[in-house]
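Reader: I would like to go through this model term by term. Please give the rule each time, then the value, then the conclusion.

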Amino acid sequence: MSDFLLPDIGEGIVECEVVEWRVAEGDQIEEDQPIVEVMTDKALVEITAPEAGVVTKLYVAQGQIAKVHAPLYAYQVDGQSPTGDQTSNNKSEAESEAAQSTSSDKPMAQTAEPSTAKSTPAAGPLYNKVPASPAVRRLVREHSLQLTEIAGSGKDGRVLKEDVLAHLDQASQATLSSQTVANKQAVKNQAETQAPRVEPLRGVRAVMAKRMVEAASTIPHFHYGEEIDVTALLALRERLKPVAEARGERLTLMPFFMKAMALAVAEEPIVNAQLNAAGDELHYYPQCNIGMAVDSKAGLMVPNVKNVERLTLLEIAREVGRLTTSAREGRVDQADLKGGTISISNIGALGGTYAAPIINAPEAAIVAIGKTQWLPRFDEQGEVQRRAIMTITWAGDHRFIDGGTIARFCNGWKGFLEAPETMLLHLG
């Protein structure tokens, strides 16, 4: 029998939570077969079998914590015989045979099976005097009723089938009413006495809680709100969607947001910079790695698209689709979570209009995008037009980004989104 030790599944990871066992003790397994899913503080990881065999023991129960390099489960390799003491086996077999012989000499106790037949009402003289057909009497017996309990509507008080059904319906209504009152009282009593459900904070949610507290308490946030007219951008996307679909890509607004942001960063590079841990140096990054907040089943994840300044809209769309799918399944690669320089939270996809985002440290800025609304706006001639208005809120690290910087940067980004054709002038 061999023990499978939990391997290293990520840099700095020393433990993980067992989310789901795909096998049970006694199951036959094949090489590379998925055995268990575990949740680290960064992602959901699937562990496979190293070789074929039979699972003999699961050391860590579902929902419990497993330690790296500690036994996770035991298995018997195919082709190997289980080791054991032959003498002990022979002794056990002999004892078993003796026990069987002893038990066979003893007479078996006879027990009577209790009768399960339903009792029927006694057919007394009064019962027989109530006029009713044989079919009606059978129906009465099947429901353990008495004919004398049922008011007959036929000639000379004859009990009809309809009378029996009406009687049953009245009894059912009375029973249902009493049960409803009892259930409501039980629910009320339970609500008054029920304790709250306790769930341990683990995995991605535990990391999110820690990082959000650190960011909110150590970084002075400066918030800046704006409205962006995306009427032209929506029209452009509609024209380009068939072209993207012909190449197998889904074109959302996110690639436009990211590309315009990378172009605006070129004019205000400090927004893409990061302050070192000592707080005495600014690190300016030549690449623009834009993170996007994804609401996954494991918790909030922020994978990032690398080198947006070099990518085309279709290439960005491909990366956005890949990262979104991976994050929602809880299977984001560690490399996709590292190296971000600026982030986007598209809360408007869920219906929010305004938000005050928290910076994804050590980055310097994040933008929350609200939902797009069709609103009346005046044009240059003073005429009212129907325009698509998107609300956004920036949060900047006020230790080195001031209000003027974030305003200029936002104006540049806004300009590219309101007149998306101008991005062509800056594409290599």
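Author: Two strands pair if DSSP finds at least two bridges between them. Strands (E, at least two residues) and helices (H or I, at least four residues) are DSSP runs, numbered from the N terminus. This is a predicted model, in which local features need pLDDT of at least 70 and side-chain atom pairs count only at pLDDT 80 or more, while totals for chains, interfaces and linings use all residues. Residues are numbered from 1 along each chain as its sequence is written, and side-chain values use heavy atoms, with hydrogens and water left out.

Reader: What is the order of the four strands that form an open sheet?

Author: The order is β5-β4-β2-β7, with antiparallel pairing. β5 (44–48) and β7 (65–67) each have a single partner strand, so they stand at the edges and one side of each has no neighbour in the sheet. From one strand to the next, the twist averages 45°.

Reader: How do you know that β2 and β7 pair?

Author: Strand β2 (residues 15–21) is joined to β7 by three bridges, and the two run antiparallel. Glu-17 stands opposite Ile-65 in β7.

Reader: What makes β3 and β6 partners?

Author: Two bridges join β3 to strand β6 (residues 53–58), again in the antiparallel sense. Gln-28 stands opposite Val-54 in β6. β6 also pairs with β8, antiparallel, over five bridges, and there Leu-58 has Tyr-73 as its bridge partner.

Reader: Why is the pair of Phe-4 and Tyr-73 called stacked?

Author: Rings of Phe, Tyr and Trp (its six-membered ring) pair if their centres lie within 6.5 Å; planes under 30 degrees apart count as stacked, over 60 as edge-to-face and the rest as tilted. By this rule there are six aromatic pairs. In the pair of Phe-4 and Tyr-73 the centres are 4.9 Å apart and the planes are at 15°, so the pair is stacked. Phe-4 belongs to strand β1 (residues 2–5) and Tyr-73 to strand β8 (residues 71–77), so the pair ties together parts 69 residues apart in sequence.

Reader: Which strands stand at the edges of the open sheet of six strands?

Author: The order there is β9-β18-β17-β16-β12-β15, with mixed pairing. β9 (221–229) and β15 (304–305) have a single partner strand each, so they stand at the edges. Within this sheet, strand β17 (residues 365–378) and strand β18 (residues 384–397) pair in the antiparallel sense over twelve bridges. Leu-375 stands opposite Arg-387 in β18.

Reader: What makes α7 and α8 oblique to each other?

Author: Axes are lines fitted to C-alpha atoms, for helices over the stretch in contact, and angles run from 0 to 180 degrees between N-to-C directions. Angles under 35 degrees count as roughly parallel, over 145 as roughly antiparallel, 65 to 115 as roughly perpendicular and the rest as oblique. The axes of helix α7 (residues 254–267) and helix α8 (residues 313–328) come within 9 Å and cross at roughly 120°. The two helices are therefore oblique.

Reader: Which residues in α7 meet α8?

Author: Contact means heavy atoms within 4.5 Å. Met-254, Pro-255, Phe-256, Met-258 and Lys-259 in α7 meet Leu-313, Ile-316, Ala-317 and Val-320 in α8.

Reader: What is the omega of the cis peptide bond that joins Ala-361 and Pro-362?

Author: Omega is about 10°. Pro-362 has its place in the loop between β16 and β17. Most residues other than glycine have a negative phi, and most peptide bonds are trans. Asp-32, in the loop between β3 (28–29) and β4 (34–39), has a positive phi, near 70°.
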